[in-house]
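Open the model in a viewer and keep the sequence beside it. The tour below goes from one selection to the next.

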Amino acid sequence: MKKTSWDDEKDKENQDKHNVSFSLAQLAFHDPHRVIAEDVNHSLGEERFYCIGRVDDGIMTVRFTYRGNIIRIYGAGYWRRGRKLYEEKNKIY
């Protein structure tokens with residue numbers, strides 16, 4: 001897996017808002033059944049993506065971009081839309 005990085009202030013904001021740290025969120029990339037989807041609504045001049053994967057007992061959505069060979073995380077949470085996409089792609093009912 002590629003190296004992950006993030007902004008510490010953004011990580012704190014995410015923890016305050018969604019109760020998820022980016023150090024925990026990076027585990028979604030280890031799920032062999034993870035789903036990677038392009039975030040076409042929030043590209044802001046660079047390609048952005050979602051990694052949706054199992055972390056502990058839940059399905060987490062991690063928002064990220066690539067900076068060279070590094071995965072740059074900028075948001076994460078347990079969101080219903082991500083879970084639904086994960087279940088559809090992995091045929092879980």
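A residue is called buried when its relative accessible area is under 20%, exposed when it is over 50%, and partly exposed in between. With a relative accessible area of 14%, Arg-48 is therefore buried. The model on screen is a predicted one.

Arg-48 lies over the face of Tyr-74, 4.2 Å from the centre of the ring. Glu-46 is partly exposed, at 22% relative accessible area. Show Arg-67 as well: Glu-46, Arg-48 and Arg-67 are linked in a network of salt bridges.

How many salt bridges does the structure hold? There are four. For another of them, select Lys-12 and Asp-16, which meet at 3.2 Å, N to O. Lys-12 and Asp-16 are four residues apart in helix 1, so about one helical turn separates them. Lys-12 is partly exposed at 46% relative accessibility, while Asp-16 is exposed at 55%.

Next, go to helix 3, residues 80–90, and pick Arg-83 and Glu-87, which lie four residues apart, about one turn of the helix. Their side chains form a salt bridge of 2.9 Å, N to O. Arg-83 is partly exposed, with a relative accessible area of 36%, and Glu-87 is partly exposed too, with 23%.

Turn now to the aromatic rings. A search of the whole structure finds five aromatic pairs. Select Trp-6 and Phe-22: the ring centres are 6.2 Å apart and the planes stand at 75°, so this pair is edge-to-face. Trp-6 is in the loop between strand 1 (3–5) and helix 1 (8–18), and Phe-22 is in helix 2 (residues 22–25), so the pair ties together parts 16 residues apart in sequence. Trp-6 counts as partly exposed at 22% relative accessibility, whereas Phe-22 is buried at 0%.

The next pair to select is Phe-29 and Phe-64. Their ring centres lie 5.1 Å apart with the planes at 80°, so this pair is also edge-to-face. Phe-29 sits in the loop between helix 2 and strand 2 (35–38) and Phe-64 in strand 4 (residues 58–67); the pair links distant parts of the chain, 35 residues apart. Phe-29 is buried, at 6% relative accessible area, and Phe-64 is buried at 0%.

Together with Phe-29 and Phe-64, they form one aromatic cluster.

Key. Residues are numbered from 1 along each chain as its sequence is written. This is a predicted model: local features need pLDDT of at least 70, side-chain atom pairs count only at pLDDT 80 or more; totals for chains, interfaces and linings use all residues. Side-chain values use heavy atoms; hydrogens and water are left out. Rings of Phe, Tyr and Trp (its six-membered ring) pair if their centres lie within 6.5 Å; planes under 30 degrees apart count as stacked, over 60 as edge-to-face and the rest as tilted. Helices (H or I, at least four residues) and strands (E, at least two) are DSSP runs, numbered from the N terminus. Buried means under 20% relative accessible area, exposed over 50%, partly exposed in between (1.4 Å probe, protein chains only). A charge sits over a ring if NZ of Lys or CZ of Arg is within 6 Å of the ring centre and within 35 degrees of the ring normal.
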